[in-house]
Amino acid sequence: MAGAITNNSKSNSGIYAGSAHVLMLPSWLIIGFFLLIPVLLMLVYSFLTKEFRGGVIWEFSLDAYDQFFFYRGLFGDEPPVFEWTYVGIFWRSIWQAGAATIFCLIIGFPTAWFIAMRRGANKSVWLFLITIPYWVNLLIRTISMKFLIRDNGPLNEWLLWMGAINEPIHMINTNFAVQLGLFYSYLPFMVLPIYASVERYNFALSEAAADLYASHWETLRLIILPAVKPGIIAGCILVFVPSLGAFLAPDLLGGAKTFMIGSLIEEQFKGNAGNWPFGAAASMILLSMVLAMLTYYARQQSKEVS
Amino acid sequence: MASKKIDLRYFPGFLPLTYLCLFLLYAPLIIVLVYSFNDSVSITKWGGLSLRWYSDVFFGPEAPKFQTAAFNSLTIAVIAATVSTTIATLAATAMIRAGNFKGRSFGFVLINLPIMVPEIVTAVATLIFFSAIGFTTGYLTILIAHIVFCIPFAYLPIAARMQSIDNTYEQAALDLYATKFEAFKLVLLPLMAPGILSGFLLAFIISLDDFIITNFVKGAGIETLPTAIFGSVKRGIQPNIMAISTLLLLVSVVFVTLSYLVGRAGEKSK
């Protein structure tokens with residue numbers, strides 16, 4: 001997602017100005033027809049009546065959103081009571097994605113800093129090393145993590161052998177496993193934008209701070225962190241947003257107690273729940289949250305530029 | 001005050017955290033790679049080195065299933081990457097070489113829409129769309145969905161490359177009475193080759209990688225490699241999965257390395 005948010009291309013000329021629309025036409029058609037219209041259709045579906053075992057009946061209904069927030073008894077005839085189940089799943093997703101983002105920041109910032117301080121060709125090699133795992137199939141990375149942290153998996157065996165623990169640590173199917181999976185999925189997204197910010201950092205500022213008797217850590221806290229804040233915010237958004245709707249990490253590394261938005265939505269279409277309008281409504285709520293965050297981010301970015 | 005000069009660029013603890021970062025990124029992958037050579041029916045016990053699970057992948061009872069899935073994955077990735085790279089190249093030419101035209105900002109948003117919308121939402125929307133227009137899910141629906149989400153990934157390196165190429169070459173061609181189409185085909189495209197190849201390779205990997213969207217739009221009876229692996233893993237991790245994972249892992253690493261080297265060669269040739 002990096003670099004996709006801001007539009008900073010300066011078109012200095014218009015060699016193909018006459019053909020602009022012809023050149024754009026295929027992408028407009030394909031994405032418009034197969035993504036934009038489907039998303040709008042999904043919005044419509046979220047206001048329709050559910051048909052049992054998947055699909056919809058074309059009749060306007062607010063049931064999907066109502067079911068999301070309220071419980072009206074087994075037969076739907078009792079006065080509405082606020083329903084925590086689905087809001088709770090969203091809340092847990094936010095919490096899990098937030099924790100993964102913080103892990104990424106704690107590990108990612110020093111890494112980005114370290115790489116930015118390398119010289120010349122070393123830098124690109126280090127960056128390459130950080131990005132390779134991202135391009136490895138996400139499913140395979142998640143399976144690898146599942147294999148590694150199982151109760152009798154290599155990590156536990158190794159720790160037992162070392163004598164660091166007496167019995168295996170139970171990690172699989174816990175919140176921690178899911179956070180670890182999300183962390184592992186999106187860590188490069190944190191490193192790259194922070195690296196870009198640190199690259200631009202002017203070291204004269206650190207020197208000035210040191211001359212004025214700022215301690216080493218005060219310089220980091222008061223001078224460096226504010227200067228590279230845009231990169232940190234970008235990294236946090238790039239990790240948080242895909243974590244929020246992630247499906248593989250919670251599904252493979254978590255259990256029933258770590259159910260997240262992605263699994264909730266999947267269940268409406270692939271699983272037994274089979275409630276399409278409700279799945280569409282949950283998707284719309286997720287999409288609105290993500291678009292709100294991206295819009296906020298784009299605003300911040302344009303403020304930085306101007 | 002004779003304090004020793006401290007290095008402002010150095011923070012204690014940053015280096016260990018960097019190594020921890022590399023360790024966390026690579027440890028799971030290396031473990032799977034090592035265990036794929038394990039000569040044991042149990043995935044936990046180490047039974048010595050062997051290639052038996054690789055032979056199982058190619059000749060074992062599940063081999064036909066995985067071969068069909070691999071064939072689907074590869075053909076979809078090649079077609080999707082080719083189509084999306086073509087579309088992205090045309091779009092980049094308009095965005096970067098056509099000045100300011102009506103609908104330019106909208107075009108920019110549209111091209112990036114597939115990476116802004118969460119994958120699971122794209123999956124739901126696409127499934128609903130195909131079901132609403134009565135289109136049977138299968139190979140074609142997977143292919144269409146893949147073309148859509150590959151476009152922005154192909155677009156990024158292509159647009160970056162085009163931005164870095166001065167348009168004076170094309171201007172010179174136009175001055176020498178080339179038509180615009182000739183300037184595009186004979187001057188811009190050859191200069192763009194590394195960027196286009198880079199975009200193609202990234203789109204190829206992204207297509208090969210996808211699980212969620214494919215899982216929604218594939219319908220019954222057709223599998224790509226990720227969905228077949230996922231189905232297998234749901235019944236517990238078997239040793240042959242380690243071997244398949246390692247093969248797929250190597251394909252990704254080879255392609256990304258190629259893309260990186262091509263990109264770097266492109267930088268140097270400028």
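Helix 5 of chain B, residues 119-132, comprises 14 residues and reaches 20 Å from its first C-alpha to its last, close to the 20 Å expected at 1.5 Å a residue. The model is a predicted one. Because 11 of the 14 residues of helix 5 of chain B are buried, this helix is largely enclosed by the rest of the structure. Its buried residues are B:I120, B:V121, B:T122, B:A123, B:V124, B:A125, B:T126, B:L127, B:I128, B:F129 and B:F130. Just after helix 5 of chain B, B:G134 adopts a positive phi of about 70 degrees.

| Helix 1 of chain A | A:M24, A:S27, A:W28, A:I31, A:G32, A:L35 and A:L36 |
| Helix 4 of chain B | B:F106, B:G107, B:L110, B:I111, B:L113 and B:P114 |

By class, the residues of this contact divide into 10 nonpolar, three polar and no charged.

Chain A as a whole contains 13 helices and four strands. Its C-alpha atoms fill a box of roughly 75 × 75 × 35 Å along the principal axes. Of the 306 residues in chain A, 55% are buried. Among contacts in chain A between residues at least 6 apart in sequence, 64% join residues at least 24 apart.

How values were computed:
Residues are numbered from 1 along each chain as its sequence is written. Chains are lettered from A and ligands numbered from 1 in the order in which they are written. This is a predicted model: local features need pLDDT of at least 70, side-chain atom pairs count only at pLDDT 80 or more; totals for chains, interfaces and linings use all residues. Side-chain values use heavy atoms; hydrogens and water are left out. Contact means heavy atoms within 4.5 Å. Helices (H or I, at least four residues) and strands (E, at least two) are DSSP runs, numbered from the N terminus. Ala, Val, Leu, Ile, Met, Phe, Trp, Tyr, Cys and Pro count as nonpolar, Asp, Glu, Lys and Arg as charged, and the others, Gly among them, as polar. The expected span of a helix is 1.5 Å times one less than its number of residues. Buried means under 20% relative accessible area, exposed over 50%, partly exposed in between (1.4 Å probe, protein chains only).
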